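Have a look at the sequence and structure first, then read on.

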Amino acid sequence: MALIYIEQVEDMNVEEMQKTHENEIKILNAIDNLAISYDRREATLEELEKKIDEYVKHVHVHFANEERLMKEYDFPSYDMHKTAHDMFLEELQHAIKYWKRYEDITKITNFVRRTPEWIVLHVNTVDLPTSNYLAKKMNQK
Ligand SMILES: [Fe+2]
Ligand SMILES: [Fe+2]
């Protein structure tokens, strides 16, 4: 069983947003699988940490790209959407801090395993109306 399935999130009308969501879901599932393998001593800590680093970078690029598009097309609810991203990044930063401070990988893997709920809700209620607006504006260009 995967941590999160692409079918749980709505399809975006903006291709780059859709691709980003698909990639992020793949990375999340890879972290979950690597964490399981690590517990069974079938994967190394380095392999797991590398995937987590990839995830952290991916989240930042994901949010920054949506924010860039919203600005470019004057999305009226930019502030609301940006605040939602910032709040998530703060929680992510918090989990990273505890992971490093206690040298305990479970601080971040447990965080990652709790994220699907947020992602599904965010994509379906915040990204969806944003992508519908953006797609309309892009077609007017
Ligand atoms: Fe998104
Ligand atoms: Fe978003």
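Thr44 is partly exposed, with a relative accessible area of 37%; buried means under 20%, exposed over 50%, and partly exposed in between (1.4 Å probe, protein chains only). You'll find Thr44 in the loop between H1 and helix H2 (45–72). Thr44 and Glu67 sit 23 residues apart in sequence, and 35 Å apart in space, C-alpha to C-alpha. Helices (H or I, at least four residues) are DSSP runs, numbered from the N terminus.

A word on the ground rules: this is a predicted model, where local features need pLDDT of at least 70, side-chain atom pairs count only at pLDDT 80 or more, and totals for chains, interfaces and linings use all residues. Residues are numbered from 1 along each chain as its sequence is written, chains are lettered from A and ligands numbered from 1 in the order in which they are written, and side-chain values use heavy atoms, with hydrogens and water left out.

Now for the metals. Donors are N, O and S atoms within 2.8 Å of the metal (3.2 Å for Na, K and Ca); water is not among the atoms, so sites may look incomplete.

| Ion | Protein donors | Distance | Spacing along the chain |
|---|---|---|---|
| iron ion (ligand 1) | His21 (NE2), His62 (NE2), Glu66 (OE), Asp127 (OD) | 1.9 to 2.2 Å | H-x40-H-x3-E-x60-D |
| iron ion (ligand 2) | Glu66 (OE), His81 (NE2), His85 (NE2), His122 (NE2), Asp127 (OD) | 2.1 to 2.2 Å | E-x14-H-x3-H-x36-H-x4-D |

The iron ion (ligand 2) and the iron ion (ligand 1) are 3.6 Å apart, with Glu66 coordinating both. His85 lies in helix H3 (residues 78–102) and His122 in helix H4 (residues 106–140), so this pair ties together parts that are 37 residues apart in sequence. Both His85 and His122 are buried.

The site of the iron ion (ligand 1) is irregular, with angles of 87 to 155° among its 4 donor atoms. Here His21 in helix H1 and Glu66 in helix H2 link distant parts of the chain, 45 residues apart. His21 and Glu66 are buried too.

Finally, how do the helices pack? Helix H1 (residues 15–39) and H4 meet at an angle of about 175°, with their axes 11 Å apart. That makes H1 roughly antiparallel to H4, a label for angles over 145 degrees.

Notes:
Helices (H or I, at least four residues) and strands (E, at least two) are DSSP runs, numbered from the N terminus. Axes are lines fitted to C-alpha atoms, for helices over the stretch in contact, and angles run from 0 to 180 degrees between N-to-C directions. Angles under 35 degrees count as roughly parallel, over 145 as roughly antiparallel, 65 to 115 as roughly perpendicular and the rest as oblique. Four donors count as tetrahedral if all angles lie between 85 and 135 degrees; four count as square planar and six as octahedral if opposite donors are over 155 degrees apart and all others between 65 and 115; anything else is irregular.
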